[in-house]
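The following exercises are to be worked with the sequence and the coordinates at hand. Each task is followed by a stepwise solution.

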Amino acid sequence: AFANRGIVLEQLQQMDAAIASYDAAIRLDPLWPDTYRSRGNALRSVGRLDAALASYERAVKLKPDFAECHYNCGIVLHELGKFEAAIASYDTAIVLNPDYAQAHCNRGLVLHDLKRLAAAVLSFDAAIAIKPDYAEAHWNKSLSLLLAGDFENGWPLYEWRWKNESLGSKRPDFQQALWTGAESLQGKTIFVYSEQGLGDTIQFARYLNILARQAGRIIVKVPVSLAGLLRNIEGVDLWTGRGDGLPDFDFHCPLLSLPLVYKTNLNTIPNTGAYLRADPLLVEKWSARLGKEVAPRIGIVWSGSRLHANDRNRSVSLASLLGVLPDKFEYFSLQRELRDGDQMVIDAHPKFRHFGDELMDFEDTAALCELMDLIISVDTSVAHLSGAIGKPTWVMLPFVPDWRWMLDRDDSP
């Protein structure tokens, strides 16, 4: 009864009460492995990873053939950065249950994080062979292929994002046809919609210039925060979703499906230099705000959204960054939001200027970027913005970066 009560409390998101209920069940019956597994799940959900692992390990000690719990050990070991041990746990789960598609898939994720991409793809393939409609395995395989530069096989699998429930993406259900590139757009209107992050929208907006040469009219749905920045793309009408109803159109296409439509490979990535520009009036305003340039100006971005799945590997602390930068330059913050402790660091570095809420939107950020000699950024939207307006940009990447940066390069096509 205590164990079942714990399950219900967990479903109600009352995790502390659930853990207490599992503890009560364990006091009454310390030899029941299922309770240790349930307790491990609740502990993991509140970030108590070491305690969760200990609970799972107790379960598999009591029941060595508990495949599901070996799988749970693999998940936590991966989150703790113990990659080889995670693979070993998944291997045990697979030996006990060769048709364990989730274990094959998660094993592939660990291999991906070790840059063992060919082996990762084999694990994803094993999961797909067991469960052909396994959207998450198809999606993960696409990311490994794209990171390796295999765009030909990666783009088609990237479309599985719409069926991968863990991403929360759902393709809009339009009556009009999806444009696949086979249909002529002469005299037609195509509706292109932004469907991922702000940085993705900025980066893949380069395809709109190509599309504008084919279509009679292009309507692009963009986030409100990007409307001002993207308004000068030639041949494109922007739509922010404000107001009632959709505009009229003949075809539709998600923005990040355009590389598939155009069969993009490493040699055909649209790269004609700057394809966005800062507002000259805002550049003038910010130039006055900055004052006379006394040294080369460096724009800095050190953190992105806390909600990003890989934020702990993507963002850095401002203190660690400013501590290694030479004194002979002027440094400017290009981000609005600060994290705990950042203001104290800024106050201790008078040569580092932060503007906070003065950066009203991406147009302001673009104007400030325009006045920099160099931008140094983590992998976040400002890196895409500064590249899109043609500013020299250095991007700090984790050991395994997002797929678009690929591997072992000192540039990005």
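Predicted model: local features only at pLDDT ≥ 70, side-chain atom pairs only at ≥ 80, totals over all residues.

**Exercise 1.** Carry out the analysis of Exercise 1 for Lys115.

Solution. 
Step 1: Lys115 is placed in the loop between H7 and H8.
Step 2: Lys115 is not a glycine, yet its phi is positive, at about 65°.
Step 3: Lys115 has a relative accessibility of 29%.

**Exercise 2.** Describe how helices H7 and H8 pack.

Solution. 
Step 1: packed helices are described by the angle between their axes and the distance between the axes.
Step 2: for H7 (residues 101–113) and H8 (residues 117–130), the angle is about 165° and the axes are 8 Å apart.
Step 3: angles over 145 degrees count as roughly antiparallel, so H7 is roughly antiparallel to H8.
Step 4: the crossing of H7 and H8 is left-handed.
Step 5: the H7 side of the contact includes Ala101, His104 and Arg107, and the H8 side includes Leu117, Phe124 and Ile130.
Step 6: by class, the residues of this contact are eleven nonpolar, four polar and one charged.

**Exercise 3.** Is Asp200 buried or exposed, and with which residues beyond four places in sequence is Asp200 in contact?

Solution. 
Step 1: Asp200 belongs to helix H11 (residues 198–204).
Step 2: the relative accessible area of Asp200 is 12%. Buried means under 20%, so Asp200 is buried.
Step 3: with neighbours within four places in sequence left aside, the contacts of Asp200 are Leu255, Leu256 and Arg404.

**Exercise 4.** Which residues touch the most other members of the largest nonpolar core?

Solution. 
Step 1: this core has 64 residues, and those touching the most other members are Trp179, Ile190, Val192, Ile202, Leu229 and Leu276.
Step 2: helix H19 (residues 362–370) gives the largest share of this core, five residues.
Step 3: apart from this core lies another of 39 residues, including Leu9, Ile19, Tyr100 and Val110.
Step 4: outside four places in sequence, Leu276 is in contact with Ile202, Leu229, Leu230, Ile233, Ala388 and Ile389.

Definitions and conventions: Residues numbered from 1 in each chain as written. Heavy atoms only, no water. Core = buried A, V, L, I, M, F, W, Y, C linked by side-chain atoms within 4.5 Å. Buried < 20%, exposed > 50% of the residue type's maximum accessible area, 1.4 Å probe, protein only. Helix = DSSP H or I, 4+ residues; strand = E, 2+ residues; numbered from the N terminus. Contact = heavy atoms within 4.5 Å. Axes fitted to C-alpha atoms, helices over the stretch in contact; angles between N-to-C directions. Parallel < 35°, antiparallel > 145°, perpendicular 65-115°, else oblique. Left-handed = near helix turned anticlockwise from the far one by under 90°. Nonpolar A, V, L, I, M, F, W, Y, C, P; charged D, E, K, R; others polar.
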